[in-house]
Amino acid sequence: VDVRMTDRILSLFSRRSWKLKGKYANLFRNDVDHREFTAIGTAAGVATAFGAPIGGALFTIEEGCSFYSTFVFWRCFIATCSGVLTLHGLVEARHTMFDVSLAKLGNHRDFGLYSDGDANYGATFWYYVWEFPVFVLVGILGGLMGALFIHLNVKITMWRRRHIPVSNKMRRFYEVVAIAVLTSIILFSFARSSPCRALPADVAVEEKFNEEEADLSGEDAVSEGEHRYFPQLWCEEGKYSVYGQLLMVPLSEALRMIVHLGETVDCEGTGCQAEIFPSASLFLFLVVVYLLMTLTYGVSAPTGLFVPSLAVGAAMGHLV
């Protein structure tokens, strides 16, 4: 409903007759502006409904636009950020009486990979207005990492075109095999040499929740004595592999753990481990995944950047 209403309102707004003269006489009165405002309205509606400004902008660019336009993208991004911040501000106004410095933005807007009944994400990870510069810093770091990725990948692609041309199918095949073997060796080596850490006190609560989740999703339940998110691997009984926790699982699962692991536990009732992921583990995960995705992107295999980029960004944000 939010998406359709926002889309319709901005579309009608763009069609309204404006008595303007000069070079602005045709403003909001042409088909181009109508299409752009429809896309912007869709982005704002999606972002406000799910509390995800970037997700709303990307959704519209992917599904609502005939072609990519940086101009439309920035308009969508500004609209989605404004919509989400306005919503958070209005919600918090009831509790803080419009004192912006004390408003816990996002405290009452939960959205994630768990249901609202199990995860109180906003109750733990809310933020203040004065924290925005930190978010800007994270964005700058992400932009620099993205620029470095493009620079390195262009160099690798140029080398690949000279030495592993598309016409030579066997070389392309051997390249995929070599990268797969190299990836396996790197991941297993780090997992094998990983330090061990005692299981957190709330691991039983987390694994109990995961068993119920597995039953609902049809996945295999956790076996007795095993821990889905705290693998023992080569560690002693009662401990888990720090590096293997993130490196020896599918990348989508590692992303899910970085974002959500620990938020379903009642810290007041069971006590929470202060640091679920040590900084060394997150930094190693960030570097390994970043370098591997830079090397892998462009091989003759169905690979992508969406999940790896999210995983690298989540690790970087967690470190900051």
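Let's start with helix α7, where Arg172, Glu175, Ile179, Leu187 and Ala191 are buried. Keep in mind that this is a predicted model.

What covers those buried residues? The cover includes α6 (132–163), β2 (239–241), α9 (244–247) and α12. As for the helix itself, α7 has 24 residues and reaches 35 Å from its first C-alpha to its last, which is close to the 34 Å expected at 1.5 Å a residue.

Now let's look at one partner, α12. Helix α7 covers residues 169–192 and helix α12 covers residues 279–296; their axes are 11 Å apart, and the packing angle is about 175°. Angles over 145 degrees count as roughly antiparallel, and therefore that is how α7 and α12 are described relative to each other.

Which residues meet there? From α7 we have Ile179, Leu182, Thr183, Ile186, Leu187 and Phe190, and from α12 we have Leu284, Val288, Leu292, Leu295 and Thr296. Sorted by class, this contact has 9 nonpolar residues, 2 polar ones and no charged ones. A handy thing to remember when you look at lists like this: an α-helix has 3.6 residues a turn, so residues three or four places apart point the same way.

Finally, let's visit histidine 318, which sits in helix α13, residues 306–319. Its relative accessibility is 40%, so histidine 318 counts as partly exposed. Setting aside neighbours within four places in sequence, histidine 318 is in contact with Ile258, Phe277 and Leu282. Take that leucine 282: along the chain, histidine 318 and leucine 282 are 36 residues apart, yet 7.8 Å separates their C-alpha atoms.

Notes. Residues are numbered from 1 along each chain as its sequence is written. This is a predicted model: local features need pLDDT of at least 70, side-chain atom pairs count only at pLDDT 80 or more; totals for chains, interfaces and linings use all residues. Side-chain values use heavy atoms; hydrogens and water are left out. Axes are lines fitted to C-alpha atoms, for helices over the stretch in contact, and angles run from 0 to 180 degrees between N-to-C directions. Helices (H or I, at least four residues) and strands (E, at least two) are DSSP runs, numbered from the N terminus. Angles under 35 degrees count as roughly parallel, over 145 as roughly antiparallel, 65 to 115 as roughly perpendicular and the rest as oblique. Contact means heavy atoms within 4.5 Å. Ala, Val, Leu, Ile, Met, Phe, Trp, Tyr, Cys and Pro count as nonpolar, Asp, Glu, Lys and Arg as charged, and the others, Gly among them, as polar. Buried means under 20% relative accessible area, exposed over 50%, partly exposed in between (1.4 Å probe, protein chains only). The expected span of a helix is 1.5 Å times one less than its number of residues.
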